[in-house]
Amino acid sequence: AGRGFAVVAEEVRKLAEETGSATLNIAAIINEVQAGVERAVAEVDKVEKQVREQGVSLGESVDSFQEIEQGAVEIDNAIQDISATFEELLASADEMTQAIENISAATEESAASAEEVTAVSQNQLVAVQNIVTVSQELDKLAVELKKVTDTFKLK
């Protein structure tokens, strides 16, 4: 019985040593798990901080995009205003072109009329010169006729 007790005692001692060793291993594992949990908590805190910062950045980005959109709308409105003004200028240019064409046609008609008037005036000048020539000849004839009639005496 003493020997059996010694064997059991030996086994209990080995079991106690193994239990102590396992307890130390478990404690080390728990320490590692706690350290890992602390690291995980720290990482979660970092991630949470980054998520908040990204949320702020995202809000700023949304605000920037809204400003860009508003600017694009203003640019679009300005382009439409410029386009309308350009169309008005084109319409005015067309009106001016038409007016210039009308003036050109009137000028051509005036020039043609002036040429006709010049031709008629030249014809009238020739006719007047002919009349002057005929008048001069009639005057000569009248002078000769007077000479001839002066030779006749009336009784």
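This is a short tour of a predicted model, from the whole chain down to single side chains.

Residues are numbered from 1 along each chain as its sequence is written. Because the model is predicted, local features need pLDDT of at least 70 and side-chain atom pairs count only at pLDDT 80 or more, while totals for chains, interfaces and linings use all residues; side-chain values use heavy atoms, with hydrogens and water left out.

**Whole chain**

Start with the protein chain in cartoon view. The chain holds 1 helix and 0 strands; helices (H or I, at least four residues) and strands (E, at least two) are DSSP runs, numbered from the N terminus. The C-alpha trace spans about 220 × 20 × 15 Å along its principal axes. The radius of gyration of the chain is 64 Å, whereas a compact globule of 155 residues would have one near 15 Å. That radius is taken over C-alpha atoms, and the globule rule is 2.2 Å times the number of residues to the power 0.38.

Switch to a surface view. Accessible areas come from the Shrake-Rupley method with a 1.4 Å probe; for residues, only the protein chains shown count as cover. Of the 155 residues, 0% count as buried. Buried means under 20% relative accessible area, exposed over 50%, and partly exposed in between (1.4 Å probe, protein chains only).

Select Glu 10, Arg 13 and Glu 17, which are linked in a network of salt bridges. A salt bridge is a side-chain nitrogen of Lys or Arg within 4 Å of a carboxyl oxygen of Asp or Glu. Side chains of opposite charge can pair when their charged atoms come close. Arg 13 and Glu 10 meet at 2.0 Å, N to O. Both lie in helix α1, 3 residues apart, about one turn of the helix. Arg 13 is partly exposed, because its relative accessibility is 38%; Glu 10 is partly exposed as well, at 30%.

**A nonpolar patch**

Next select Ile 29, Val 33, Val 37 and Val 41, which make a nonpolar surface patch of about 330 Å². Patches are made of residues with over 30% relative accessible area and no salt bridge: like charges are joined within 9 Å, nonpolar side chains (Val, Leu, Ile, Met, Phe, Trp, Tyr) within 5 Å. Val 37 sits in helix α1, which covers residues 2–150. With a relative accessible area of 46%, Val 37 is partly exposed.

Move to Lys 46 and Glu 43, whose side chains form a salt bridge of 3.6 Å, N to O. The two are 3 residues apart in helix α1, about one turn. Lys 46 is partly exposed at 48%, and Glu 43 is partly exposed at 43%.

Leu 58 also lies in helix α1 and, at 55% relative accessibility, counts as exposed.

At Thr 97, in helix α1, a polar atom of the side chain lies 2.8 Å from the backbone oxygen of Ala 93. Thr 97 is partly exposed, with a relative accessible area of 40%.

**Last stop**

Finish at Asp 150 and Lys 146, which meet in a salt bridge of 3.6 Å, N to O. Being 4 residues apart in helix α1, they are separated by about one helical turn. A search of the whole structure finds 4 salt bridges.

Notes: A polar contact is a pair of N or O atoms within 3.5 Å; within protein, one must be able to donate a hydrogen and the other to accept it, and residues adjacent in sequence count only if both atoms are side-chain atoms.
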